[in-house]
Amino acid sequence: MISDERRPTARRTTSARPSPRRSGLRALAAVAAGAVLLAGCTAPAKEQAPVGSASGPAASQAPEGFEQYYGQALEWEDCDDGLQCATASAPLSWHDADAGSIELSLVRNPADGKDPEGSLLVNPGGPGASGVDFVRSDAQGGGSTFGKKLQDAFDIVGFDPRGVQRSTPVTCFDDARKGESLAKDFDRSTDAGLEAMAAENEAWNAACAENSGEVLGHVDTQSAARDMDMLRVVLGDDTLHYLGFSYGTQLGATYAGLFPDRAGRLVLDGAIDTTLTSEEISHGQAVGFENALRAYVQDCQAGAGCPLSGSVDDGMRQIRQVLDHAYERPYATSTSDRTVTQSLAFYGIAVTLYNQGSWPALTQGLDEAINQGTGDVLLYLSDQYFDRNADGSYSSNSEEAMRAVNCLDDRATTDVEQMRADAAAIEADAPTMGSFFGYGGLTCAGAEYPQVEQEFDVHAKGAPPIVVVGTTNDPATPYVWAEGLAKTLDSAVLLTYEGEGHTAYQPSRACVADAVESYLVDGDVPADGATC
């Protein structure tokens, strides 16, 4: 098993499909082989107003016309593993109070201590990862994600952002069509290949528009950050205490930029530099995965049973040969109706780079492909990446949500010659993995809704200290992004973890955990530039 619910997901860029995510692996781009997403049930915007009082101090913090949302009372019910669940109402549009409402699903793990400080809102990444699943997974795993100090001090609250899973979701293809699309390969070196890739993305976006309703145009990060301010008030907190991973750092930085005076203690782990363009994100992730793969190859070749021979460069070339073989002759599997295409092989490799503990699974997959010419392990790994179940269904709508959020937040150029130049630059810096990160401008082909205008201050002027955490060889959110975000945010301090994998905070890493928890619980700001 490589699915590690303690690891985040970062924002996916727009071409291949990795995107950092905490639930196993999700740090690529957004459409390499075709498009992105999955199918699920759709819930249209609701017209009824949320329950609860629309008056009092809570409602007074609301934007004009949205008092009923800030003043609503949540009805918490006991759910599995000692948790409490509730559903909040949010406006479909934070710019039009008459546009109707949507639902947000929440879960709360009540504080264990006698004198809790309030709520700690958490986000595992994506965009598209479920905060409800994140907190539930921690409870089911015996509290291995959040340290005891956090669990004693806070009600830990996870939520599915708008468009995600149990909240009003984005819905696109059915399961069969989604599986077909995710396995497709395209020849990006030809005009015909790019036209086919654009057509597949247009089909994705048409299905999303048909099956999602108006919510599709309102799942941008700024709207999700406004939801968090409403949740802060509904949960009874004067300021927002927040722990965000991967894409969750973009969400947290956006919140700080919109509401600097309402920000409490924010920790942003696996940081995304909010000043980067979509093209810069794709390039940075390609290099990040290339570097992580080199670290894997070096480690593999130093041990026994590694299928990669020669130098590290030789090993990288052998992995590229596996990918090229999958394009020319997809690997057969014991599942008679499925083969491992180049796209699936890529994701099967990439998913293991989020967590060094998954490297042995990659060795198994490469050994099978190189020495047996089959792809069962790589197929299993790619299914883990896409949350695909054995029966062909999908356990989340993370693909759909990721595409929708990214197309609203930031779109890459659609100029073909510029895309070709960008792709060549990426491949020059990442010769093994880079070909899967180009042509991101095709991802939003035919998208019904335009990119939203930026309304937040990237510097979050006036916010209290914000702790930015970066891992030196993080594949999905490269360390330079943490450095960039720390420089961008006026009040940020940078905490560095020297190591492999995506994001740094976990209770077993005492150096990082102590610094993060001391800040969130006690307000002790770590020294800027501290290294673990």
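1. Which handedness has the link of cysteine 511 and cysteine 532, with -70° about the S-S bond? The link of cysteine 511 and cysteine 532 is left-handed. Its sulfur atoms lie 1.9 Å apart, where a disulfide is taken as a pair of cysteine sulfur atoms within 2.5 Å. Cysteine 511 lies in helix α17 (residues 510-522) and cysteine 532 in the segment after β12 (530-531), so the pair ties together parts that are 21 residues apart in sequence. Cysteine 511 counts as partly exposed, at 42% relative accessibility; buried means under 20% relative accessible area, exposed over 50%, and partly exposed in between (1.4 Å probe, protein chains only).

2. On provenance, this is a predicted model, in which local features need pLDDT of at least 70 and side-chain atom pairs count only at pLDDT 80 or more, while totals for chains, interfaces and linings use all residues. Residues are numbered from 1 along each chain as its sequence is written, and side-chain values use heavy atoms, with hydrogens and water left out. Helices (H or I, at least four residues) and strands (E, at least two) are DSSP runs, numbered from the N terminus.

3. The structure holds 5 disulfides, and with the bonded cysteines of the protein chain numbered in sequence order, the pairing reads 1-2, 3-4, 5-6, 7-8, 9-10.

4. Cysteine 407 and cysteine 444 are joined with their sulfur atoms 2.0 Å apart, and the torsion about this S-S bond is about -100°, so the disulfide is left-handed. The pair links distant parts of the chain, 37 residues apart, with cysteine 407 in helix α14 (residues 398-409) and cysteine 444 in the loop between α15 and β10 (466-473). Both cysteine 407 and cysteine 444 are buried.

5. Between cysteine 300 and cysteine 306 the S to S distance is 2.0 Å, and the torsion is about 115°, so this disulfide is right-handed. Cysteine 300 and cysteine 306 are both buried.

6. Helix α9 (residues 278-302) packs with helix α15 (residues 416-429) at an angle of about 20°, their axes 9 Å apart, the axes being lines fitted to C-alpha atoms over the stretch in contact and angles running from 0 to 180 degrees between N-to-C directions. That makes α9 roughly parallel to α15, a label given to angles under 35 degrees.

7. In the contact (heavy atoms within 4.5 Å), Glu279, Ser282, His283, Ala286, Val287 and Glu290 of α9 meet Asp422, Ala425, Ile426 and Asp429 of α15.

Notes. Angles under 35 degrees count as roughly parallel, over 145 as roughly antiparallel, 65 to 115 as roughly perpendicular and the rest as oblique.
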